[in-house]
Amino acid sequence: MNLTHPFLDADGDKLREECGIFGVIGSPEAAGMTALGLHALQHRGQEAVGIVSWNGAEFFARRGLGHVAQVFSDATILSELPGEMASGHVRYSTTGGQGLRNVQPLYADLARGGFSVAHNGNISNALHLKHELVHKGSIFQSSSDTEVIIHLIATSRFPTLMDRLVDALRMIEGAYSLICMTPKRMIACRDPLGIRPLVMGKIGDATVFASETVALDVVGATFVREVEPGEIIEVRMDGRVSSHRPFGDPAPRPCIFEHVYFSRPDSVMGGRSVYEVRKAIGKELAKEAPVEADLVIPVPDSGVPAAIGFAQESGIPFELGIIRSHYVGRTFIQPSDGARHADVKRKHNANRALVEGKRIVLIDDSIVRGTTSMKIVQMMRDAGAKEVHMRVASPPTQHSCFYGVDTPERHKLLAARMDVQEMTKFIVADSLAFVSIDGLYRAVGETSRNGACPQHCDACFTGEYPTSLTDLADRAADQDQLPLSVGQVA
């Protein structure tokens with residue numbers, strides 16, 4: 001979502017989805033419904049939120065840094081967003097990208113009227129396109145890759161807005177789910193591979209779009225269907241709905257990590273309950289990497305469903321051996337190095353009375369840098385655990401994501417530097433195992449991974465990126481040429 005480098009959360013050891021989007025057309029309470037839908041998607045972005053509405057005559061916008069409940073704290077604020085059409089966005093900020101200028105939805109006055117766009121994903125040739133656009137005279141107001149879409153539409157030579165949008169989307173690569181608004185319609189679309197999610201619902205005469213089904217549930221909308229990969233859905237103000245498929249019919253590659261971590265467990269993804277998939281991953285783990293132990297303990301909260309599945313399959317009792325504080329903000333003041341080292345303990349604390357003297361299996365969703373896993377293993381040992389075995393509900397994360405998930409550079413990923421035996425020593429566990437890639441595919445309902453044409457985007461595990469990565473290639477080329485250009489002035 002940003003043209004600069006991404007970063008992780010305060011402890012630097014969790015993958016983060018960068019945004020969630022929501023839109024509604026045909027409701028007199030469009031802005032309020034959008035705020036409620038964004039609240040349900042808060043887990044997808046906690047740094048900033050924005051809503052744009054249309055009242056039949058003009059567009060209105062309000063954006064702010066913080067949670068939905070902070071920025072849209074009362075009815076007076078929402079009353080400043082009138083109209084029967086609204087869309088919104090929650091996001092994580094990225095390095096160089098914090099600030100209101102990057103908060104979406106982005107809005108622009110185009111030749112044929114106002115246009116707003118909310119984007120979930122990442123355009124992997126955005127820097128390349130931005131360079132070309134700036135060279136032609138475009139002036140950018142943000143560092144967001146989403147603004148590239150607006151400029152491509154504005155400079156397209158096609159006569160209609162829909163044709164201009166299709167023309168723009170044909171030029172971009174990477175991942176995107178978009179909710180766009182014009183004075184006449186709402187447009188929802190998904191990249192041809194369907195990497196990022198988007199669903200459609202109905203509530204009365206209103207049509208709703210959201211990143212996850214849980215947002216439909218929360219606003220009282222009925223799930224209609226997923227927006228198909230490569231599909232553009234156009235909803236006019238009178239309720240007419242039309243579907244366009246300008247990109248052919250490529251084999252879809254939805255992000256498999258949505259099932260592992262990003263989506264809320266009460267969402268449905270690809271026709272499958274996210275909660276049930278995570279339990280199934282735990283069952284696969286128990287089959288693939290059994291261990292003799294006294295307790296199965298999740299690393300809260302994301303490890304809970306997989307831990308339940310592991311316990312059910314293995315017969316080892318499930319217990320809450322780690323208690324998570326729900327009142328820890330990411331801006332917590334850390335006055336000293338010692339306090340920083342206590343970061344995990346302020347979020348998680350061992351249930352000593354339960355853990356002491358026991359052989360335990362810790363279940364977590366992933367290992368990124370490994371620092372949090374190491375601290376939690378040590379916390380279990382400090383609480384008196386006799387043995388600590390770690391089981392991870394995803395394959396080793398060996399590669400960076402370039403499709404809208406903020407991951408560290410590859411050399412900072414523990415699994416890219418170490419094999420499982422070395423990782424076991426690093427986190428000081430008695431044993432460590434990850435679910436296999438085929439086990440993960442079985443959990444999401446496939447027989448196995450199709451190596452010739454994978455059913456999901458799993459590049460963070462396999463390194464097989466489903467699209468070109470132009471900006472990455474350009475950076476690599478620039479680095480190769482760097483010694484020749486040192487000291488030169490353009």
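Let's start with a pairing. Strand 3 and strand 4 (residues 59–65) run antiparallel and share seven bridges. Keep in mind that this is a predicted model.

How many residues lie between strand 3 and strand 4 in their hairpin? Four. Gly 56 sits in that turn, with a positive phi of about 95°. Further along the pairing, Val 52 has Ala 61 of strand 4 as its bridge partner.

Strand 3 also pairs with strand 5 (residues 85–91). That pairing is antiparallel too, with seven bridges. Here Trp 54 stands opposite Met 85.

Now, is strand 3 enclosed or open? Seven of its seven residues, 48–54, are buried, so the strand is largely enclosed by the rest of the structure. Look at the two faces. In a regular strand, side chains alternate between the two faces of the sheet. On strand 3, Ala 48, Gly 50, Val 52 and Trp 54 point one way. Val 49, Ile 51 and Ser 53 point the other way. All of them are buried.

On to the rings. The whole structure holds eight aromatic pairs. One of them joins Trp 54 and Phe 59: tilted, 4.7 Å centre to centre, with 45° between the planes. Both Trp 54 and Phe 59 are buried.

Another tilted pair is Phe 257 with Phe 262, at 5.1 Å centre to centre and 45° between the planes. Phe 257 is buried, at 2% relative accessible area. Phe 262 is buried as well, at 5%.

Last item: a charge over a ring. The charged end of Lys 130 sits over the ring of Phe 140, 5.0 Å from its centre.

Methods
Residues numbered from 1 in each chain as written. Predicted model: local features only at pLDDT ≥ 70, side-chain atom pairs only at ≥ 80, totals over all residues. Heavy atoms only, no water. Phe/Tyr/Trp six-rings, centres within 6.5 Å; stacked < 30°, edge-to-face > 60°. Buried < 20%, exposed > 50% of the residue type's maximum accessible area, 1.4 Å probe, protein only. Lys NZ or Arg CZ within 6 Å of the ring centre and 35° of its normal. Helix = DSSP H or I, 4+ residues; strand = E, 2+ residues; numbered from the N terminus. Pairing = 2+ DSSP bridges.
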